[in-house]
Amino acid sequence: MEFYSPDTWREALEVKVAHPEAVPIFGGTDVMVDLNFDRERPGAVLDLTRVPELGEWDDNEGRLRVGAGVTYTRIIGELGDELPGLAMASRTVGSPQIRNRGTVGGNLGTASPAGDALPPLYASDAEVELASTDGTRCVPVAEFITGPKRNALRPEELIAAFHVPKAEGPQQYSKIGTRNAMVIAVCAFGLALHPEQRKVGTCLGSAAPTPVRAREAEEFIEGILEWETRTEIGERALRRFGELVELAARPISDVRGTAAYRTHAVGVLARRTLKWAWDEYQRGE
Ligand SMILES: Cc1cc2nc3c(=O)[nH]c(=O)nc-3n(C[C@H](O)[C@H](O)[C@H](O)COP(=O)(O)OP(=O)(O)OC[C@H]3O[C@@H](n4cnc5c(N)ncnc54)[C@H](O)[C@@H]3O)c2cc1C
């Protein structure tokens, strides 16, 4: 197996063009599992951990650009105020060791419907920055993920970063697993309130072939919320919101849970996360 370990971003992009079959690796928390179980035997591996730019993030007038190699531990420690939903999701990933190595770039690369970083990115309309020696392009995250474990990366491209607006209101993430830690989501739900735009972003995780927005639920609740007076959301509206989220689910039954359970559970998570986020908004936090 060839092992490439470039020191610069330019060099990494040149290696990828010259060896499009090379499998990129950052934290290795997905790649190494595939290698160890012999699910993959790539002819070449492209180690990106020495490329400094991938570990950087910056704030451009309220829009964050976060390098693909920023780990979950750093998202929690450095971006908890700016991206509270993603930080909550990051806290649920694996164990401290996995959070120290694993990255959002790797979660995007794997494109699992259960990827915990994905619902917060969908709920805030994040974009994924893809690069090749020919230049860069930004793709909305919902277009980047094209199917279960499939994404829109071209063979000569690498994920450079993701772009996401800083939270302008409360955000939530809730996940159901078969135990408290080190668990792949049975299902999950991300929610972001965008008070300036009077919008609500949602995303179901592990309840369809890809993460999915619950658009009807978003439109319904946007018509109900009293952003000025911050009035309590009624029980009936909360229930209806949950039902519309359930309608967006297209789950499978597998070892972690049945389709019926997942559908029911995302409705419950949707009601809870909306209530928690709205309570926070009412308190002016
Ligand atoms: C014990 C354990 C527990 C886990 N728990 C969770 C969990 O709770 N929630 C969860 O979502 N995931 C979990 N995972 C999966 C994994 O940790 C995450 O998906 C993580 O985000 C992967 O990041 P990484 O940097 O390690 O990716 P890697 O393994 O390095 O790469 C993952 C994929 O992305 C590609 N890739 C990486 N970087 C780039 C780049 N810059 N450009 C192009 N392609 C790239 C790789 O080629 C590969 O296809 C767990 C894994 C383990 C082993």
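**Cavity, pocket and helix packing in a predicted model**

The largest cavity of this predicted model has a volume of about 50 Å³.

Visitor: How many cavities of 30 Å³ or more does a search of the whole structure find?

Guide: The model is a predicted one, and the search covers the whole structure. The count of cavities of 30 Å³ or more is one.

Visitor: How many charged residues are in the lining of the largest cavity?

Guide: Leu-83, Leu-86, Pro-120, Leu-121, Ser-124, Val-164 and Gln-171 line the largest cavity. Five of the lining residues are nonpolar and two are polar.

Visitor: Which element gives the largest share of the lining of the second largest pocket?

Guide: The second largest pocket holds about 210 Å³ of space. Its lining comprises 16 residues, of which Asp-125, His-194, Gln-197, Lys-199 and Arg-213 are the closest to the centre. Two or more lining residues come from each of strand S13 (199-205) and helix H9 (215-222). The largest share, four residues, is that of H9.

Visitor: How do the residues of the lining of the second largest pocket divide by class?

Guide: The residues closest to the centre of this pocket include Asp-125, Lys-199 and Arg-213. Over the lining as a whole, the division is three nonpolar, four polar and nine charged.

Visitor: Why are H3 and H4 described as oblique to each other?

Guide: The axes of helix H3 (residues 72-79) and helix H4 (residues 84-91) come within 9 Å and cross at roughly 140 degrees. Only angles over 145 degrees count as roughly antiparallel, and 65 to 115 as roughly perpendicular. The two helices H3 and H4 are therefore oblique.

Visitor: How many nonpolar residues does the contact of H3 with H4 have?

Guide: The crossing of H3 and H4 is left-handed. H3 contributes Tyr-72, Ile-75, Ile-76 and Leu-79 to the contact, and H4 contributes Pro-84, Leu-86, Ala-87, Ser-90 and Arg-91. With one polar and one charged residue besides, the number of nonpolar residues is seven.

Visitor: Is the crossing in which H10 passes H11 left-handed or right-handed?

Guide: Helix H10 (residues 235-248) and helix H11 (residues 259-282) pack at about 135 degrees, with their axes 8 Å apart. That angle makes H10 oblique to H11. The crossing is right-handed.

Visitor: How many charged residues are in the contact of H10 with H11?

Guide: On the H10 side, the contact is made by Leu-238, Arg-239, Phe-241, Gly-242, Val-245 and Glu-246. Among the partners in H11 are His-264, Arg-271 and Lys-275. Six residues of the contact are nonpolar and four are polar, and the number of charged residues is four.

Note on methods:
Residues are numbered from 1 along each chain as its sequence is written. This is a predicted model: local features need pLDDT of at least 70, side-chain atom pairs count only at pLDDT 80 or more; totals for chains, interfaces and linings use all residues. Side-chain values use heavy atoms; hydrogens and water are left out. Axes are lines fitted to C-alpha atoms, for helices over the stretch in contact, and angles run from 0 to 180 degrees between N-to-C directions. Angles under 35 degrees count as roughly parallel, over 145 as roughly antiparallel, 65 to 115 as roughly perpendicular and the rest as oblique. A crossing is left-handed if the near helix is turned anticlockwise from the far one by less than a right angle, and right-handed if clockwise. Contact means heavy atoms within 4.5 Å. Ala, Val, Leu, Ile, Met, Phe, Trp, Tyr, Cys and Pro count as nonpolar, Asp, Glu, Lys and Arg as charged, and the others, Gly among them, as polar. On a 1 Å grid over the protein atoms alone, a cavity is a set of points where a 1.4 Å probe fits but cannot get out, and a pocket is an open set with protein on both sides within 12 Å along at least five of seven lines; lining residues have an atom within 4 Å of a point. Grid points are joined across faces, edges and corners, and a volume is the space filled by probe spheres set on the points.
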